[in-house]
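Here are a few exercises to work through with the sequence and the model side by side. Try each task before you read its solution.

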Amino acid sequence: MEELDKELLNPDILPEPYAYYAKIIGIDNLCKIAEKLGGTTIYIPKYDTLFKTIRNEKIKKEFNGYNYQDLAIKYNICERTVRNICDGVVPVIDGQVTLFDSL
C-alpha cells in the first residue's frame, strides 16, 4: 500500500464496520491486517476465551487432588468447572511414590 493511500484513509470516511475496527485498533493496524489477511475470513474469540486455555493449564498444574475449592476461588470460577477441567488429571505430588516407581 502506498503511503499516500494511508494518509487519505481516515476512520470517519471508512464504511462500517471498518470504521469501527479502525477506531478500536487504529488505522495503521487495520491497514496491516488488511495487507496480511485481506480477503480471508478470521474469527475473533471473546475476550475470556483468549485466556481460557492458559488458565485451564495453570489449574491442571496446580491441582493436587484435593484443592478444587481453593482453585475455584483463586480463578473466580465455580468448583464444578474446576472438576471438569481436572477430570482425568492425575495430580503429581512432590515426593509421592507411584506404583510404577522402582524401589
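**Exercise 1.** In what order do the elements of the protein run from the N terminus on?

*Solution.* Start at the N terminus and follow the chain: the elements run α-α-α-α-α-α. The count is six helices and zero strands. Helices (H or I, at least four residues) and strands (E, at least two) are DSSP runs, numbered from the N terminus. Before going on, note that this is a predicted model, where local features need pLDDT of at least 70 and side-chain atom pairs count only at pLDDT 80 or more, while totals for chains, interfaces and linings use all residues. Residues are numbered from 1 along each chain as its sequence is written, and side-chain values use heavy atoms, with hydrogens and water left out.

**Exercise 2.** Find the residues of the largest nonpolar core, and say which element gives the largest share.

*Solution.* First, the term: a nonpolar core is a set of buried Ala, Val, Leu, Ile, Met, Phe, Trp, Tyr and Cys residues joined through side-chain atoms within 4.5 Å. Buried means under 20% relative accessible area, exposed over 50%, partly exposed in between (1.4 Å probe, protein chains only).

1. The core has 10 residues: Ile 59, Phe 63, Tyr 68, Leu 71, Ala 72, Tyr 75, Ile 77, Val 82, Ile 85 and Cys 86.
2. Helix H5 (68-75) and helix H6 (79-86) are the elements that give two or more residues to this core.
3. The largest share, four residues, comes from H5.
4. Leaving aside residues up to four places away in sequence, Cys 86 touches Ile 59, Phe 63 and Tyr 68 (contact means heavy atoms within 4.5 Å).
5. Another core, of six residues, lies apart from this one; Leu 14, Ala 19, Ala 22 and Cys 31 are among them.

**Exercise 3.** Is Asn 67 buried or exposed?

*Solution.* Begin with its place: Asn 67 lies in the loop between helix H4 (47-62) and H5. Asn 67 is buried, because its relative accessible area is 10%.

**Exercise 4.** Which class of accessibility does Ile 25 fall into?

*Solution.* Locate Ile 25 in helix H2. Ile 25 has 33% relative accessibility, so Ile 25 counts as partly exposed. For the whole protein, buried residues make up 17% of the 103 residues.
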